[in-house]
Amino acid sequence: MKPLKDYSHIRGIHLSHRPSFGSDFVDGKRETLSLEWQLEYCKKLNLNSARQFCDFPFYLADPKACVDFYVETTRTGMKYGVSNMQILFNGNSLDKNLFILEPEWWAEVGDRYVTDMVLALKDEPGLLMWDVMNEPSCNNYYSYATPEEKPERWEKINRFLKHYCDLIHELDPEGCVTIGHTTPADLEPNSEWVDVICFHDYSQTLARINRAYDRALAVGEKYGKPVINSETCCLCRANPYDLAIQTAMERNTGFYVFNLVSEGYWGEVHGLIYPDGTVRNPDAVAALYGFFRNRTSTRIKAKPNREGYVYQALKLLETALTDDTGLFRNTPRTTDEILEAAEYAANLMECNEMVPMIDPPSARIADWRAMPPEERNLEEVRKFAYELGKILKEYCQVL
């Protein structure tokens, strides 16, 4: 596809989908989600593009099968309205593959690999652009180099990048080329060699995110080229999905969220949905449709007891936690009765934002309900319901 002047329409994602040459394991876990399954969710989530890694070791194992795989992947994506940003090399693994920086390897293997990929994909309608290398500076080879070593190593990496930018432009004169840089600080000097300027940002505050955009957009203006944030959103880096997505939209910049499914190595800190299709954080999904959390002082605090339902919930909990007792009898309530009362309270608490959703009460209730009644620990269920009642009372200031 020819380079566009504006990529602000891009709502992208990273997918988990690789060929199985010798191994069908991704991040130590067998890949079970089909490409079609993932693309179906892209369609539901208002996503229209995907970054696709192609690791050249797969090509070395079986060149034709590798090329055919990515052609089919691109065509399948197009059926769902999802274009492909095809990544050819991954800078994150550069430490293990330093040989690729040597011109001898380019002549023996690299040029053939890139040529086969480009000639096979360049006329595919689903191909959005070529990403020569993902995060060239994000590796120990460069990041942990001494101050004396860094300039020489960066120059060596950039010789590699320029060689393949030039080769792709030669093979695909009307195609679009980019480099997925780790941060905006890396964009110079190779912005001259690409058609689209791509940076990654996982900044921790709104001011820092905006500074990253300011820097990247200034480079785009300098070279007269469009800008994309091709990797963003990470829970453990204080880079919330909804805030990162909102900022990209407000800055009129296309973006790629990392990533679609919470699983495998990155499952703890990345992902919009779980492998069963449920949502991890509704804020992130809402943001993809242009709806954002209110972070201003105009927020209206919910009043869960406005119509007296907190009183009813507390009464149900009290009844469920009161055993039928007498001189010669003590009949405890069943776990089903207690869980019913607990769910009433939990629903009030969750929809009124009274409890952290890292461990939603409704999820614990669902786990107990999935167990046979005889296997539930009655004391644990009682304690859980009692604690819900305490929180509900305190929040609503009910005696």
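Which residues of α6 are buried? The views below are taken from a predicted model, and the first of them answers this.

**View 1. Helix α6 and its cover.**
The buried residues of α6 are W154, I157, N158, F160, L161, Y164, C165, L167, I168 and L171. An α-helix has 3.6 residues a turn, so residues three or four places apart point the same way. The elements covering the buried residues of α6 include β5 (83-90), α4, β6, α5 (140-143) and β7 (177-181). Helix α6 runs over residues 150-171, which is 22 residues. At 1.5 Å a residue it should span 32 Å, and its end C-alpha atoms are 32 Å apart, so the two values agree.

**View 2. The barrel of eight strands.**
Eight strands, in the order β1-β4-β5-β6-β7-β8-β9-β10, close into a barrel with parallel pairing. On average, neighbouring strands of this sheet are turned by 25° against each other, direction ignored. Helix α4 packs on the sheet and touches β5 and β6. The direction of α4 makes about 175° with that of β5. Helix α8 (residues 241-250) also packs on the sheet, where it touches β1 (11-14), β9 (227-232) and β10 (254-257). The direction of α8 makes about 160° with that of β10.

Strand β4 covers residues 49-53. Five of its five residues are buried, so β4 is largely enclosed by the rest of the structure. Both faces are covered, with S49, R51 and F53 on one side and A50 and Q52 on the other. β1 and β4 run parallel and are joined by three bridges; here G12 stands opposite S49 in β4. β4 and β5 also run parallel, joined by five bridges, and Q52 stands opposite Q86 in β5.

**View 3. The pairing of β6 with β7.**
Three bridges link β6 and β7 in the parallel sense. D131 stands opposite T178 in β7.

**View 4. Aromatic rings.**
The structure holds 20 aromatic pairs. One aromatic cluster is formed by F56, Y59, F89, F99, W105, W106, Y113, F160 and Y164. Two of these residues, F160 and Y164, are also among the buried residues of α6. A pair of aromatic rings is described by the distance of the centres and the angle of the planes.

**View 5. Lysine charges over tyrosine rings.**
The charged end of K44 sits over the ring of Y41, at 4.5 Å from the ring centre. The charged end of K301 sits over the ring of Y395, at 5.0 Å from the ring centre.

**View 6. E124 in its loop.**
E124 lies in the loop between α4 (103-121) and β6 (127-134). Is this residue, E124, buried or exposed? Its relative accessibility is 11%, so E124 counts as buried. Leaving aside residues up to four places away in sequence, E124 touches V71, T74 and R75.

**View 7. R376 in its loop.**
R376 is found in the loop between α12 (361-369) and α13 (378-396). R376 counts as buried because its relative accessibility is 10%. Leaving aside residues up to four places away in sequence, R376 touches T335, D336, L339, W368, R369 and M371. R376 and D336 are 40 residues apart along the chain, and their C-alpha atoms are separated by 9.9 Å.

Key
Residues numbered from 1 in each chain as written. Predicted model: local features only at pLDDT ≥ 70, side-chain atom pairs only at ≥ 80, totals over all residues. Heavy atoms only, no water. Helix = DSSP H or I, 4+ residues; strand = E, 2+ residues; numbered from the N terminus. Buried < 20%, exposed > 50% of the residue type's maximum accessible area, 1.4 Å probe, protein only. Contact = heavy atoms within 4.5 Å. Phe/Tyr/Trp six-rings, centres within 6.5 Å; stacked < 30°, edge-to-face > 60°. Lys NZ or Arg CZ within 6 Å of the ring centre and 35° of its normal. Expected span 1.5 Å × (residues − 1). Pairing = 2+ DSSP bridges. Axes fitted to C-alpha atoms, helices over the stretch in contact; angles between N-to-C directions.
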